[in-house]
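Subject: Model for your review

Hello,

The structure is pasted below, followed by notes on what was found in it. Please read the two together.

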Amino acid sequence: MPAPPPRSVDYTGSELLRITWSDGRETVFQQTALRRACPCAVCRRQREELGPDRFIPPSILEKVHVQRTAPVGRYGIKIFWSDGHDAGIYTFQMLRDWADAVIPTEGRSPGSGSGRSRDAG
Ligand SMILES: [Zn+2]
């Protein structure tokens, strides 16, 4: 089953990016972690050559934040970063997988996620 689309993507007012999916699940990422994980060809290559911690200079990475996002088809979103980078397409599947594996989410208590939603844009 393909990943469902997000119901909302909230990235304002913090260094986090929070996705509420249409199936009610919620995932939270550090914006800088998403920037470092940019899936575009250029970043992939630089990550391989320079290493995941170094391909973006820390002085830039620590200030980078999401300026806006845009849907890409029915399978992903594009993130426009404050450092001018916008080449990466973050597929829904990728984001869901990362939420489980790579990037730890903020602590939230499980078990009470019954259909409550907030309008976040
Ligand atoms: Zn990139």
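Of the 121 residues of the chain, 17% count as buried; a residue is buried if 20 or more other C-beta atoms lie within 10 Å of its own, exposed if 12 or fewer, and partly exposed in between, with C-beta atoms placed from the backbone. This is a predicted model, in which local features need pLDDT of at least 70 and side-chain atom pairs count only at pLDDT 80 or more, while totals for chains, interfaces and linings use all residues. Residues are numbered from 1 along each chain as its sequence is written.

Confidence comes next. The average pLDDT (the predictor's confidence in each residue, from 0 to 100) is 84 for the chain, and 81% of the residues score at least 70. Over residues 102-121 pLDDT stays under 50, and the model has 16 contacts beyond four places in sequence for them; two residues are in contact if their C-beta atoms, placed from the backbone, lie within 7 Å. Where pLDDT is low, the predicted coordinates should not be read in detail.

The chain has four helices and six strands, arranged along the sequence as β-β-β-α-α-α-β-β-β-α. Helices (H or I, at least four residues) and strands (E, at least two) are DSSP runs, numbered from the N terminus. Among contacts between residues at least 6 apart in sequence, 40% join residues at least 24 apart.

Strand β2 (residues 16-21) is joined to β3 by five bridges, and isoleucine 19 has threonine 27 in β3 as its bridge partner.

Another open sheet of three strands, also antiparallel, has the order β4-β5-β6. Here β4 (66-72) and β6 (89-91) are the edge strands, each pairing on one side only, and neighbouring strands are turned by 30 degrees against each other on average, direction ignored. Six bridges join β4 to β5 (residues 76-81); threonine 69 has isoleucine 79 in β5 as its bridge partner.

Leaving aside neighbours within four places in sequence, leucine 34 is in contact with Leu17, Phe29 and Ile79.

Helix α2 lies largely in the open, because the number of buried residues among its 10 is zero. Just after α2, glycine 51 takes a positive phi of about 95 degrees. Phenylalanine 55 is found in the loop between α2 (41-50) and α3 (58-61). This phenylalanine 55 is partly exposed, because 18 other C-beta atoms lie within 10 Å. Beyond four places in sequence, phenylalanine 55 is in contact with Cys43, Gln46, Arg47 and Leu50. The C-alpha atoms of phenylalanine 55 and cysteine 43 are separated by 7.8 Å, with the two residues 12 apart along the chain.

Regards

Technical notes. Pairing = 2+ DSSP bridges. Axes fitted to C-alpha atoms, helices over the stretch in contact; angles between N-to-C directions.
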